[in-house]
Amino acid sequence: MTEPRAAAVITGAAGGIGRAIATAFAERGVAVVIADIRLDAAVAAAEQIAAETGAEAVGIAVDVTDSASVAELVSGALARFGRVDHLVNCAGMSLDGPSIEHTDEAWSKVVDLNLSGTFYVCRGFAPALIESHGTIVNISSIAAFSATRPEVHVGYDATKAAIAALTRTLAVEWAPQGVRVNAVAPGYTNTELLKDVGASNPETMDAWLSQTPQRRLMEPAEIAEVVLFLSLPASRAITAQTIIADGGYTAAK
Ligand SMILES: NC(=O)c1ccc[n+]([C@@H]2O[C@H](COP(=O)([O-])OP(=O)(O)OC[C@H]3O[C@@H](n4cnc5c(N)ncnc54)[C@H](O)[C@@H]3O)[C@@H](O)[C@H]2O)c1
């Protein structure tokens with residue numbers, strides 16, 4: 001095994017924003033681990049990214065809500081690349097509906113994935129990142145700053161705000177060891193899920209677009225560029241921050 005110059009692990013990278021982030025790293029020659037609960041899709045994404053960019057890419061199955069599975073991801077990534085320089089926590093989900101009808105099960109599902117999963121993965125990779133003086137970027141959301149409307153997403157909003165606090169605490173704790181921890185809060189981003197919302201619920205999409213000063217969805221590749229900036233030495237003075245990339249949405253709300 002030849003150790004690559006740098007390696008990045010991206011959770012939830014089999015599709016959507018995570019895949020765009022993995023592609024952005026790979027385009028700069030960084031070896032990437034596509035870590036996702038959907039192994040087949042992760043392996044397919046890794047093969048395509050490797051073919052398109054020439055960078056090394058591997059798909060590894062992980063359930064981020066299970067710390068034993070996270071431990072296997074950590075050893076799998078280190079076995080493959082010998083180092084981890086960048087971690088991006090992108091696996092996440094949302095369940096909508098009136099809060100009074102939000103069941104224990106729905107609440108736990110969202111908290112386990114968005115918040116506990118992000119913590120387990122940060123904790124699991126911390127020793128490797130301390131060794132490499134690496135970076136973490138957690139994917140939060142505009143939901144951390146403003147209530148998602150018109151549909152209500154109580155667990156999502158709460159967990160995405162908690163990610164900002166988690167990011168701050170870990171950043172302050174690990175700064176002396178050379179690890180930077182930041183978050184990105186995307187606005188409504190042009191993924192398959194959002195395309196489905198646009199098709200099935202055009203009023204919701206109209207509301208989101210009309211409340212966004214740029215009057216458009218963000219593109220996954222644009223979010224990836226922000227993540228990349230926060231992972232590279234150009235941003236070396238920045239840690240503990242949540243950077244909003246939303247076309248002005250939170251400022252205008
Ligand atoms: N799309 C948007 O408009 C938007 C806006 C703001 C924030 N975000 C955030 O960006 C991130 C990615 O969103 P997306 O739109 O690309 O969603 P997506 O559903 O396309 O991607 C989420 C990925 O996470 C994976 N995943 C689900 N459960 C997992 C688990 N237990 N362990 C490991 N992987 C798991 C899924 O298989 C999927 O590939 C999420 O955290 C989301 O909250 C999205």
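Helices (H or I, at least four residues) and strands (E, at least two) are DSSP runs that are numbered from the N terminus. This is a predicted model, in which local features need pLDDT of at least 70 and side-chain atom pairs count only at pLDDT 80 or more, while totals for chains, interfaces and linings use all residues. Residues are numbered from 1 along each chain as its sequence is written, and side-chain values use heavy atoms, with hydrogens and water left out.

Two backbone features lie in loops. Arg149 and Pro150 are joined by a cis peptide bond, with omega about 0 degrees, and Pro150 belongs to the loop between strand S5 (135-139) and H5. Arg215, a residue other than glycine, has a positive phi near 55 degrees, and Arg215 is found in the loop between H7 and helix H8 (220-231). Most residues other than glycine have a negative phi, and most peptide bonds are trans.

Around the ligand there are 25 residues, of which Ile17, Asp36, Tyr156, Lys160 and Thr189 come nearest; a residue counts as near if one of its heavy atoms lies within 4 Å of the molecule. Helix H1 (16-27) and helix H5 (154-174) each supply at least two residues of this shell. By class, the shell has twelve nonpolar, nine polar and four charged residues, where Ala, Val, Leu, Ile, Met, Phe, Trp, Tyr, Cys and Pro count as nonpolar, Asp, Glu, Lys and Arg as charged, and the others, Gly among them, as polar.

An oxygen atom of the ligand lies 2.6 Å from an N or O atom in the side chain of Asp36, a nitrogen atom of the ligand is 3.3 Å from a polar backbone atom of Ile37, and a ligand oxygen atom is 3.0 Å from a polar backbone atom of Cys90. Taken alone the ligand exposes 830 Å², of which the protein buries 85%, with accessible areas taken from the Shrake-Rupley method with a 1.4 Å probe.

The ligand sits in the largest pocket, meaning that more than half of its atoms lie within 2 Å of the pocket's grid points. A pocket is an open set of points, on a 1 Å grid over the protein atoms alone, where a 1.4 Å probe fits and protein lies on both sides within 12 Å along at least five of seven lines; lining residues have an atom within 4 Å of a point. About 1400 Å³ of space lies in the largest pocket, and of the 50 residues that line it, Gly92, Met93, Ser94, Thr191 and Leu193 are the closest to its centre. H6 gives the most to this lining, with six residues.

The second largest pocket is lined by 16 residues, with His86, Thr135, Ser231, Leu232 and Pro233 nearest its centre.

Definitions and conventions: A polar contact is a pair of N or O atoms within 3.5 Å; within protein, one must be able to donate a hydrogen and the other to accept it, and residues adjacent in sequence count only if both atoms are side-chain atoms. Grid points are joined across faces, edges and corners, and a volume is the space filled by probe spheres set on the points.
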